[in-house]
Amino acid sequence: MTRLSLLNDVRAVVGAIEEFAELGREGFLQRYGFAPSREYFLRVDGALIDTKPLVAAAYRRQFPDHRDLLPADFSGGVDGAAKVLRRLGFEVVTRAQARPPVLGDSYASRTSLYEQYGGDKVAGIVTLPGDSTVNVFSDADGPYDDDPPTLVAPFGYRGEGLSGPQELTQRGNAHLERARTAREPVRFWYRPVGGTFSFLTWCVVLGRTWIDGRDAKGRPRVELEWMLEAVPGPASEQWPAAIVNVIDEADATTENHPSGPEAAREPTYAELLARVEARGQGRSGSRAPRVDYARSAAARRAVLIRSGGQCESARCTGMPGEPNRQGEPILDVDHIRDLARGGADHPLNMVALCPNCHASKTRGAFALRWRSELARVAAAANARALDRT
Ligand SMILES: [Zn+2]
């Protein structure tokens, strides 16, 4: 029996709570020599009291002749102070239970978020102690090449795991898979370059696909690409009907294990093209565009292979001098005719462009000329790539 479990006098705890109220948090922590709690708090009359020093104070009251309980003697959590207090009938909550994050919350860093809620301060996909909602972190400066978030269209989010093949059973990926199958909303946190992490939007997990990626050392591997979409709020009644349809459809085609040759070697342009075409036109008669992420990922990869790492525009004045964070050339894969305007999700309607050409094509004065030229470029590049394989 540990000394901690000797504590069984409710009056000793009540006395310690009164002492906390008298001294204030800082004075109380100081008197007993404890650091602030990170995860577990006793909740009484709307106040949150750090569980560990509270238990130490109550112990001193019940056993004035014993040696004091010191911070190193026990934990504050469900195996320690929280357990003892709950057994005596007190309400113990985590910070996330007492006050879960609300939209717009912002923290200077993952560490400051950790100081508030506890839990994991590194992983990209986490739950907070005591709270089952999944939190997804995207850092514009981070190691993953995620799409920038958009509030108006689905966007891709790379799965967790920097080395080796990614797996659905890895912690963060397992969290997101649970949110996907249970259709639970997730909190999406984003940190722009040089900015702070803020709870940007609620999202739903529309679907996922296995894609050909590269690990931190540039070796080919399979990666999970999660498709997220912003929703107005956590309650599914607030979600547009189109989103619910997409989840239904994605559910039917979701594979639990990576398949195809990509796990072993890089697929060829022709193989990827065949995969794109085998998945159909990607559009149905309904007004909501059908989103087929496996098809999109294959088409995108095919165009990057076809480009050979160079901007495909004949007008290109030069690639950026630096590679991206994966050590690959900085290229955007662009739909020549927008998907939203009926353009096909097919390499014949896609080009790899450097950021300059991409900006000229989308924001320049000669958009129409770019479009017709690039359609010819894509057709010719497609024919050449098929010739090669
Ligand atoms: Zn260019």
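User: Hi! At roughly what angle do the axes of helix α8 and helix α11 cross?

Analyst: Hello! In this predicted model, the axes of helix α8 (residues 269-278) and helix α11 (residues 367-388) cross at roughly 120° and come within 8 Å.

User: Which residues in α8 and α11 meet there?

Analyst: From α8 you have Tyr269, Ala270 and Leu273, and they meet Asn382, Ala385 and Leu386 of α11. Sorted by class, that contact of α8 with α11 has 5 nonpolar residues, 1 polar residue and no charged ones.

User: Nice. How do the axes of helix α10 and α11 cross?

Analyst: Helix α10 (residues 355-363) and α11 have axes that cross at roughly 120° and come within 7 Å. Angles from 65 to 115 degrees would count as roughly perpendicular, and those over 145 as roughly antiparallel, so α10 and α11 are oblique to each other.

User: And which residues of α10 and α11 meet?

Analyst: On the α10 side they are Cys357, Ser360 and Lys361, while α11 brings in Ala367, Trp370, Arg371 and Leu374. The residues of this contact of α10 with α11 split into 4 nonpolar, 1 polar and 2 charged.

User: You mentioned Cys357. Is that residue buried or exposed?

Analyst: Cys357 has a relative accessible area of 4%, so this cysteine is buried. Cys316 is another one to look at: its relative accessibility is 25%, so Cys316 counts as partly exposed.

User: How many disulfides does the structure hold?

Analyst: The count is 0 disulfides. In case the term is new to you, a disulfide is a covalent bond between the sulfur atoms of two cysteines.

User: Which residues of α1 and α2 meet?

Analyst: The α1 side consists of Ala12, Val13, Gly15, Ala16, Ile17, Glu19, Phe28, Leu29 and Tyr32. Facing them in α2 are Pro53, Leu54, Ala57, Ala58, Arg60, Arg61 and Gln62. By class, the contact of α1 with α2 has 11 nonpolar, 2 polar and 3 charged residues.

User: Let's move to loops. What stands out about the phi of Asp45?

Analyst: Asp45 is not a glycine, and yet its phi is positive, at about 50°. This residue lies in the loop between β1 (40-44) and β2 (47-50). Its relative accessible area is 82%, so Asp45 is exposed.

User: What about the phi of Arg183?

Analyst: Arg183 is not a glycine either, and its phi is positive at about 55°. You will find Arg183 in the loop between α6 (171-182) and β8 (186-191). With a relative accessibility of 29%, Arg183 counts as partly exposed.

User: Now a glycine, please. Where is Gly130?

Analyst: Look in the loop between β5 (125-127) and β6 (134-139) for Gly130. Its relative accessible area is 45%, which means that Gly130 is partly exposed.

User: Which residues does Gly130 touch, leaving out those up to four places away in sequence?

Analyst: With those sequence neighbours set aside, Gly130 touches Thr94 and Gln97. Gly130 and Val93 are 37 residues apart in sequence, and their C-alpha atoms are 7.5 Å apart in space.

User: Last one: where is the place of Ile330?

Analyst: Ile330 is in the loop between α9 (293-307) and β11 (332-335). At 28% relative accessibility, this isoleucine counts as partly exposed. Apart from residues up to four places away in sequence, the residues Ile330 touches include Met319, Pro320, Cys354 and Pro355. Ile330 and Met319 are 11 residues apart in sequence, with 7.7 Å from C-alpha to C-alpha.

Note on methods. Residues are numbered from 1 along each chain as its sequence is written. This is a predicted model: local features need pLDDT of at least 70, side-chain atom pairs count only at pLDDT 80 or more; totals for chains, interfaces and linings use all residues. Side-chain values use heavy atoms; hydrogens and water are left out. Contact means heavy atoms within 4.5 Å. Helices (H or I, at least four residues) and strands (E, at least two) are DSSP runs, numbered from the N terminus. Ala, Val, Leu, Ile, Met, Phe, Trp, Tyr, Cys and Pro count as nonpolar, Asp, Glu, Lys and Arg as charged, and the others, Gly among them, as polar. A disulfide is a pair of cysteine sulfur atoms within 2.5 Å. Buried means under 20% relative accessible area, exposed over 50%, partly exposed in between (1.4 Å probe, protein chains only). Axes are lines fitted to C-alpha atoms, for helices over the stretch in contact, and angles run from 0 to 180 degrees between N-to-C directions. Angles under 35 degrees count as roughly parallel, over 145 as roughly antiparallel, 65 to 115 as roughly perpendicular and the rest as oblique.
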